Amino acid sequence: MKSFFLTRRFFLLLTILILGLVVAFFLPGWLAPVQVALGLLVALAGLDVLLLYAPTKNGAGHVFGRRVLGDKLANGSDNDISIYLENHYRFPIHTETIDEIPHQFQRRDVLFRSSIAAGETQIIRYQLRPVKRGEYEFGAVNVYVASPLGLARRRFRFDAARTVPVYPSFLQMRQYELLAISNRLTEVGVKRIRRVGHSLEFEQIRPYVAGDDTRAINWKATARRATTGYAADALVVNHYQDERAQQVYCLIDKGRVMRMPFEGLSLLDYAINATLVVSNIAIIKHDKAGLITFSHQPGTVLPADRRGGHMRKLLEVLYRQRTKYLETDYERLYISVRNNIRQRSLLILFTNFETLSGMQRQLPYLRRMAKDHLLLVVFFENTELREFLDAPAETTQDVYNQTIAEKFAQEKRQIVRELNRYGIHALLTAPQHLTVNTINKYLEFKSRGLI
């Protein structure tokens with residue numbers, strides 16, 4: 001494969017000298033200087049080639065390049081990629097690095113220019129955001145090296161071919177996990193929800209801190225601490241723990257209504273990413289997380305559990321979800337729920353309804369599931385429709401279009417009211433806020449003692 005190239009600088013200088021030769025045809029006095037310059041250009045180009053191909057001091061390769069990335073990528077998240085370059089030449093070099101990324105990204109701008117001093121290392125960092133699950137093929141790393149003369153370039157090709165799977169967004173899951181453990185979920189929009197009433201499960205007594213409910217003060221324990229040498233004003237309060245080991249099932253619709261893309265990611269993948277995060281939060285809150293997928297036929301059933309390794313199993317199951325986006329069969333979903341979930345559970349159904357009549361066709365099955373479980377139906381707001389409605393109307397055509405758009409938006413809100421009328425909880429959310437809003441609903445249910 002060709003590894004030597006003349007640069008744009010060389011051809012630019014050559015063009016200038018050729019123009020000089022043309023001018024010298026009319027001004028003979030210019031001919032000698034132009035001929036000298038032309039010879040000098042050829043000599044410098046030859047010297048540049050010798051520099052690029054001259055052996056190194058220690059006999060090692062002239063340049064070393066390596067791509068570094070994780071064992072898997074997270075779908076819908078920005079994944080960090082690094083390229084390490086080492087310069088073994090005795091002089092500084094200018095490099096142009098082209099990374100052969102998978103064709104799924106459809107990017108033609110993965111070109112990085114940098115300068116590396118002699119014997120130094122350069123790290124190039126960039127990010128990739130996949131929007132589909134599956135296997136991605138990375139190719140070689142190509143490095144084009146030029147000396148300070150910059151008249152020629154030598155190409156080095158480092159074989160870094162590798163197949164990397166793209167999983168549901170485990171990066172988002174870890175982010176929420178760390179925030180949940182450090183009690184900082186409010187930083188990403190999760191609300192602090194006031195606890196309604198007390199759980200009946202007593203856990204321990206602990207010192208009173210500002211903000212505790214004064215009704216929880218344990219006066220007998222406070223008096224005992226005062227008589228045993230503790231400060232007289234050191235109040236202690238009863239601490240109750242949340243109800244634990246409740247079952248939380250995520251039901252994911254894989255039908256055609258979930259095919260709609262938003263920022264490159266399908267609604268199905270938004271639901272899969274949210275399922276991973278919500279399940280992890282549920283396990284952190286000492287509940288059990290399970291999964292049921294469905295479309296025109298029954299899908300995967302993963303029983304609720306919270307033992308070690310369950311999240312890894314859930315991640316693998318979500319990664320392998322495939323669909324043909326056919327019409328969803330809610331009757332099969334109801335049968336699957338009835339046969340596999342014996343205990344009253346929180347069911348979080350990720351689906352999408354565009355019209356009220358479409359929801360009403362499935363309403364009988366939703367009501368049956370809500371009879372035995374706490375059912376939360378999560379469906380999606382059309383954000384592009386919202387942007388269109390918020391834009392000012394300048395023509396009669398705009399007014400007409402906005403009227404039609406408002407009708408569709410109103411129908412979505414009507415679906416929420418219709419579901420609430422039958423005791424079914426509903427969440428209408430924008431795709432980018434799906435995870436946060438679903439966590440808020442789950443925590444709200446726990447604080448209200450509904451599950």
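Select Gln-106 to begin; this residue lies in the loop between E5 and strand E6 (111-116), where helices (H or I, at least four residues) and strands (E, at least two) are DSSP runs, numbered from the N terminus. Gln-106 has a positive phi of about 50° although it is not a glycine. Most residues other than glycine have a negative phi. With a relative accessibility of 55%, Gln-106 counts as exposed; buried means under 20% relative accessible area, exposed over 50%, and partly exposed in between (1.4 Å probe, protein chains only).

The model on screen is predicted: local features need pLDDT of at least 70, side-chain atom pairs count only at pLDDT 80 or more, and totals for chains, interfaces and linings use all residues. Residues are numbered from 1 along each chain as its sequence is written, and side-chain values use heavy atoms, with hydrogens and water left out.

**The domains**

Next, colour the protein chain by domain. The domain assignment gives domain 1 (4-53), domain 2 (63-167), domain 3 (170-186 + 244-448) and domain 4 (203-242); such bounds come from an automatic or database domain assignment. Between the C-alpha centres of domain 3 and domain 4 the distance is 41 Å.

**Salt bridges**

Now display the charged side chains. The structure holds 18 salt bridges, a salt bridge being a side-chain nitrogen of Lys or Arg within 4 Å of a carboxyl oxygen of Asp or Glu. Select Arg-67 and Asp-99, which form one of them, with the closest N and O atoms 2.7 Å apart. This pair links distant parts of the chain: Arg-67 belongs to strand E2 (residues 63-68) and Asp-99 to strand E5 (residues 93-99), 32 residues apart. Arg-67 and Asp-99 are both buried.

Remain in strand E5 and select Glu-96, together with Arg-153. Their closest N and O atoms are 2.7 Å apart, and the two residues form a salt bridge. Glu-96 lies in strand E5 and Arg-153 in strand E10 (residues 152-158), so the pair ties together parts that are 57 residues apart in sequence. Glu-96 is partly exposed, with a relative accessible area of 21%; Arg-153, at 22% relative accessibility, also counts as partly exposed.

Move on to Asp-287 and Lys-446, whose side chains meet in a salt bridge (2.9 Å, N to O). Asp-287 is in the loop between helix H5 (267-284) and strand E17 (288-294), whereas Lys-446 is in helix H11 (residues 434-447), so this pair ties together parts that are 159 residues apart in sequence. Both residues, Asp-287 and Lys-446, are buried.

Then select His-286, which is found in the loop between H5 and E17. His-286 is partly exposed, with a relative accessible area of 29%.

**Helices in contact**

Show helix H3 (residues 170-181) beside H5. The two helices pack at an angle of about 30°, with their axes 9 Å apart; axes are lines fitted to C-alpha atoms, for helices over the stretch in contact, and angles run from 0 to 180 degrees between N-to-C directions. Residues of H3 that meet H5 include Phe-170, Met-173 and Tyr-176, and their counterparts in H5 include Leu-276, Val-277 and Ile-281. Contact means heavy atoms within 4.5 Å.

Turn to helix H9 (residues 383-390) and helix H10 (residues 396-421), whose axes come within 10 Å and cross at roughly 135°. Among the residues making the contact are Leu-385 and Phe-388 of H9, and Ala-405 and Phe-408 of H10. Within H10, select Gln-402. Is this residue, Gln-402, buried or exposed? Gln-402 is buried, with a relative accessible area of 17%. Not counting residues up to four places away in sequence, Gln-402 touches Phe-388, Leu-389, Ala-391, Pro-392 and Ala-393.

**Last stop**

Finally, select Gln-432, in the loop between strand E21 (425-429) and H11. At 41% relative accessibility, Gln-432 counts as partly exposed. Gln-432 touches Phe-262, Tyr-270 and Thr-383, residues up to four places away in sequence not being counted.
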